[in-house]
Amino acid sequence: VDKADQAREAIEWLKAKRAGRLTFIPLDILRVQKVPQAVREHWAGKKGVLGLASELVEYADTYTRAVEYLLGRVLVVENLDQAVRLFKRLQYPLRIVSLDGESINLAGAISGGAKTAQSNSPLQRKGEERKLVQLLEEYQKAGKLNREQRQEQGRWLEELDVQLLELKGQCLEGKLQYEM
């Protein structure tokens with residue numbers, strides 16, 4: 001949000017509605033501490049080090065403080081081995097993440113692995129819900145089309161029955177005329 005007052009108002013609304021909790025980043029009071037140049041020089045030019053995440057993303061200037069706050073202490077490297085080696089040498093609190101998604105937090109805890117096929121994150125559930133709604137709409141359209149085609153075929157069959165009766169009638173007339 002632009003101002004701390006907006007965050008305060010939103011939090012009051014969340015409390016009143018019992019709508020959960022959120023973290024707001026008010027740009028007017030946000031404090032950002034940049035990584036010192038001496039620390040930056042420690043990894044500069046090292047193989048496999050891509051740089052600070054805040055310098056690797058594109059964003060509007062308006063959000064510089066927010067991006068620095070969120071990504072300014074996240075160092076991106078190519079792989080976990082490089083992350084561990086660099087973490088051992090750095091004496092500055094940084095989170096180090098690899099391109100594969102492994103990460104070393106400020107204290108040294110390492111996270112990584114593969115996501116399970118059965119994940120229940122709210123975003124995944126929302127995506128599945130959207131897919132199911134879309135499938136339902138497609139099936140409903142297909143059902144409607146099938147009903148319309150069935151009705152059209154029913155009318156066509158009725159027309160054929162009428163024509164068949166007419167032909168049978170003509171055959172009977174012809175047969176009667178022939179026998180006379």
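**Salt bridges and surface charge**

In this predicted model, the side chains of Arg8 and Glu12 meet in a salt bridge, with N to O at 3.1 Å. A salt bridge is a side-chain nitrogen of Lys or Arg within 4 Å of a carboxyl oxygen of Asp or Glu. Arg8 and Glu12 are four residues apart in helix 1 (residues 4-17), so about one helical turn separates them. Helices are DSSP runs (H or I, at least four residues), numbered from the N terminus. Arg8 is partly exposed at 41% relative accessible area, and Glu12 is partly exposed at 43%. Buried means under 20%, exposed over 50%, partly exposed in between (1.4 Å probe, protein chains only). Asp5, Arg8 and Glu12 are linked in a network of salt bridges.

The count comes to four salt bridges. One of them joins Arg40 and Glu55, with the closest N and O atoms 2.3 Å apart. This pair links distant parts of the chain: Arg40 lies in helix 2 and Glu55 in helix 3 (residues 53-56), 15 residues apart. Glu68 forms a salt bridge with Lys34 at 3.8 Å between the closest N and O atoms. Glu68 is in helix 4 (residues 64-71), and Lys34 is in the loop between helix 1 and helix 2 (37-43). Glu68 is buried at 13%, whereas Lys34 is exposed at 55%.

Lys46, Lys47, Arg85 and Arg89 gather in a surface patch of positive charge. Such patches take residues with over 30% relative accessible area and no salt bridge, like charges being joined within 9 Å. Arg89 lies in helix 5 (residues 80-89).

Local features need pLDDT of at least 70, and side-chain atom pairs count only at pLDDT 80 or more, whereas totals for chains, interfaces and linings use all residues. Residues are numbered from 1 along each chain as its sequence is written, and side-chain values use heavy atoms, with hydrogens and water left out.

Terms used. Patch = residues over 30% accessible without salt bridge, like charges linked within 9 Å, V, L, I, M, F, W, Y side chains within 5 Å. Areas by Shrake-Rupley, 256 points an atom, 1.4 Å probe, with all protein chains shown as cover. Lys, Arg positive; Asp, Glu negative; His and termini not counted. Charge placed at Lys NZ, Arg CZ, Asp CG, Glu CD. Helix = DSSP H or I, 4+ residues; strand = E, 2+ residues; numbered from the N terminus.
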